[in-house]
Amino acid sequence: MLATVVLPGDHEYPKCRTKRTSYEWYIPKGILKTSWMNKHLNLVPALVVLFYELDWDDPQWKEKQSECATKVEIVRTSLQGRNTKVAVVLIQKKTPLPPGEDLVASERAATLCNSCDLSGKSLFVLPHTDHLVGYIIRLENAFYEHAQTYYYTEIRRVKSHKEFLNKTTHQLLFVRHQFKIAFFSELKQDTQNALKYYRTAYSLVHELRAHETNMLEIKTMAGFINYKICRLCFQHNTPLDAIAQFRKHIDLCKKKIGSSDLAFEHAAWMSKQFHSFGELFDEAIKLGLTAIQTQNPGFYYQQAASYSQDRKQLAQQLCQAGANYPPSELGDIQTGGLDFYGQRPWRQGHQSIEPPDAEKEKTGIWTLQIKERDVPQSELIIALLSNAVAQFKKYKCPRMKSHLMVQMGEEYYHAKDYTKALKLLDYVMCDYRTERWWGLLTAILTTALRCAYLMASVKDYIIYCMELLGRASELTEEQKLRIEKNLIKVLMNDIPDPEPECDLSSEGVARSLWNDRMASAGSKLLTIEVQDYIPFIQCKAKFQSPSFHVDQPIQLQVYLRTDCPHPISFNKLAVILSNQEYNQWCVVECAGQESMSLLPGKPKCHNFSFVAKTEDVGKKIEMTGIELMLGSETGRCVFLSWRGAGGDAASTHEALQASRSSRRWGRGMEARRGMDWDSVTMQHSTMVISRVPKMSVKLSHQPPALNNEMYCINITVQSQEEVVAKDVKLTAGLKPGQDANLGQTTHVTLNGSTVCDDTAPALLPDVPIGDLKPGERLERCVYVKCVSTGSRVFLFHVAYSIDSTVEGRQIVCKCHKDETVTIETVVPFEVSVKFVSSKFEPLDRVAVDIPFLLMTDVLSLSPWPLLLASSSLQLLTMNTNTPQLQSQMQEVVLQTDECASECFCLRCPLLANSNNTVATGQYLISWRRKSSRANSPLIQTAVTLPHVILESVPLYIHAELPSYGRVRESLSVRYHIKNRTSLVQEVEMAVEPSDAFMFSGLKQVRLRILPGSEQQMLYNYYPLMAGYQTLPQLNISLPRCLTTNTHSLRRFLPQRIFVKPQGRQLDDASIAAA
């Protein structure tokens, strides 16, 4: 990256001194001049670029060429003796042609280079066209190369001096030259070589002979070079090398203190080293480096703050002598305008071991001591600690953060910024209370108490006094006595005594502030939330029980204990409850001095009781707070307020320890010694529950429930109260909180004479029963209809009110008794339906206007006997084939897994629409449990019959034949053939021969049948064999109706007949023999 500066053409550059050609008699006065780095960074350029507006075809080319050459010569003259490169950029308005094509441009460029004494590589063109950015980037690259060439030349120039140096008198020059080479390499952006030369320079610095007069110069240059090395290591992403280099640097320099009168200067230098490295580390992290908890910038900021604290202490010790030094003698010493880094202003350029002027040396040291007194030490320390805290917070090191925040608070205290000191210390104390660092907490509280005293902050002063008197404090008994004495003074609205080790200059201001606080009315009434502290008064409260019945008094206890050396008195104790109306019963005020005082280490218990209101039944009563008033209205009233049931920041851990101890050793020893404070547990809430009901509720029923039946649940309620139970009400039905679908499929009623409809609710609320006298008993029947199967929970809630007396108060108690029962609902029976032909063959299609059979099977699934009262069909499109359709299941009782069947003969008429599939209708069954009462309503279950697929046949054939035949006896069979179409049908009939029959009749015939008419064919069959025999098959075909085949017509005909064997005539003798 190039650093560019815009300067006028006639700018004067620093004059170049005459270069030294020999170092034979040269004695260096110092290592590095203070102006050298600034000169090469900001004053002496590596490349000067002259921008001149000139086109190749400019009409005034000659004049402008001369003018450009003159400007270049002016720049060269100003830079005489330096190796700075010069270049010219021509700003042109026209786009140039490709190289080699514009001969005029090539010629004039050569002429311009000659006149300006430039090489061709130092002349550039910048066309002001659309591609300006691209030309600028190319120019930057070219300028970068020229600048690198300059620094390369400078490096070689410095290196060439090495042969003139000797190690006896030119040790400083060895360091200087290595530093310059490294610096030029860094400017050249050759960071690897720069790092190498910086390391060499650092080693040479520490080879210098160190004495008191040049110690500061050596440390200053070592600090510069170390900073450069660490910075380059971080840039090269080698943080471990940077850390190793810094540690080496500190080890080499930490004992090079120099003058003992200026030891604070060494501490300041050490602090600066750590601070600078911490900033480098932090910058590297922002650029992507990953740090860890144990290695992060916070440790370096912390160490820098530690050295700043050492500097402060040393300055306080050493800088007192210069306070009485005559100012007139100090005025001649100037501390600025150094020629070389690290030298003293009163002896610049001297490298001797002893100072040239002892008196001036002494005066200079006193001058530096006086200047040190004006340095804001605390501000520097706080800034460094703040940086460290931010780092430890970032890397999640809470204890380191707290430790440093304590130091920040102490520095604010020394800087007399007591407000910020208190804010920081108060924040940190929360952590130390939680982690139980009592020694640290005591030390911090002591500092905080001094801050509160010097600020005259009454509330903070009381809080810290209370904690320092408490059980977490590690102060001596004598110190606690003094603090308790001061606390009592504050409660009496007096001024407390100053705290030890307070700044004497601030005590007068604090006393005047306390006088103002005494007169202020706003500071005489204070409320202090002590829950987050560890005060000297401990408080625990508890309800005697987690719940109380409404007819019992609610009792609670408040335990108090003090840890201060002397007894403490209080004037008021109040418990604040969630229901404000009960607060009046939980207050105790000063009635006698003896009863309102607490003795050190002896717990005291205060009992409270009150009667709950009936409307609070089912509600929780909580302690929202406890208040204890210290002081008096004549002095200052301080209310100590605990949230909930008391306790403080240490109570939770103490209760845990007590529970472990009690489990280990038992409670026998504590019981003999009296009440053990740690074993007192807090109970901050209690529940008001209804009075215990003295009412018996019994249920009787016969599970499971059957789907759609009126399931009867008998409820028996008997009063066991000693007085009349008033306003008894029954709530019965589906228990709330179950699946919403169950609420829609469950219906409850008290009327069992009829089947309830879908409007009946799932829960009957508050059904009045009346009053029940002692021992009286009543029964009710609740009927439940469950439309769907599954498990349901039913609730039977009996509520009533009764008069009761509690501690002389008359109250009306509302009682209730709940009974729940889970009932499973099952299907009572299962119905299967099938369609068959008149030959009882299954049908997948039904022929129009031809009789078929509907068969139903009812299988009982109920564990209880079922009474099937009747059944019926509701047909939609079908007709019955019998004169009157009668149920074949009249008053039939089915046991479990028994089945009842019936059969109906139906016929489907010819329909007007052309639908192939039609609905049959419903099968209705009226039933009830066999065990139910005779007048119980019948449940009607409707079973939807399956749809049937219709088909139309053009010809219907049926046969008349006897039920059986006999071998060798003639069998007459008459076939009826009916044309069911509107066309004349030609019918071809043929009888196939059979081995089991001989027959007489037309074996093959062709006939015509008019529409709607019928033709009969008579055949005589002569059976030849006994048993089930297949009849001779009748093949029928319809030439005019090709869609109808023989098989579809043959299904209406009988296929087989039973043939009996040939009988013989029985006479009387054979009968007698038989």
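Tutor: Start with R471 and D648, which form a salt bridge. Their closest N and O atoms are 2.7 Å apart. The model is predicted, so read that distance as a computed value. The pair links distant parts of the chain, 177 residues apart. R471 sits in the loop between α17 (458–468) and α18 (477–491). D648 sits in the loop between β14 (637–643) and α20 (651–665).

D648 is buried, because its relative accessible area of 8% falls under the 20% cut-off.

This bridge is one of 31 salt bridges in the structure. Take another, R1006 with E986. Here the closest N and O atoms are 2.5 Å apart. R1006 lies in strand β41 (residues 1004–1009) and E986 in strand β39 (residues 985–991), so this bridge ties together parts 20 residues apart in sequence. E986 is buried, with a relative accessible area of 9%. The pair also belongs to a network: E986, E988, R1006 and R1008 are linked by salt bridges.

Now a pair with other surroundings. E779 and R777 meet through their side chains in a salt bridge, at 3.8 Å from N to O. That distance lies within the 4 Å limit, so the contact counts. E779 is partly exposed, at 42% relative accessibility. R777 is exposed, at 51%.

Some charges gather in surface patches. D727, D766, D771 and E776 form a negative one. D766 is partly exposed, at 47% relative accessibility. A positive patch is made by R17, K19, K29 and K33. K29 is placed in the segment before α1 (36–43).

What about covalent links between cysteines? The structure holds zero disulfides. Look at C116. The closest cysteine sulfur to its own is in C68, 4.1 Å away. A disulfide needs the two sulfurs within 2.5 Å, so this pair is too far apart for a bond. C116 is buried, at 2% relative accessibility. C637 is buried too, with a relative accessible area of 7%.

Back to the opening pair.

Conventions
Residues are numbered from 1 along each chain as its sequence is written. This is a predicted model: local features need pLDDT of at least 70, side-chain atom pairs count only at pLDDT 80 or more; totals for chains, interfaces and linings use all residues. Side-chain values use heavy atoms; hydrogens and water are left out. Patches are made of residues with over 30% relative accessible area and no salt bridge: like charges are joined within 9 Å, nonpolar side chains (Val, Leu, Ile, Met, Phe, Trp, Tyr) within 5 Å. Accessible areas come from the Shrake-Rupley method with a 1.4 Å probe; for residues, only the protein chains shown count as cover. Lys and Arg count as positive and Asp and Glu as negative; His and the chain ends are not counted. The place of a charge is taken as NZ of Lys, CZ of Arg, CG of Asp or CD of Glu. Helices (H or I, at least four residues) and strands (E, at least two) are DSSP runs, numbered from the N terminus. Buried means under 20% relative accessible area, exposed over 50%, partly exposed in between (1.4 Å probe, protein chains only).
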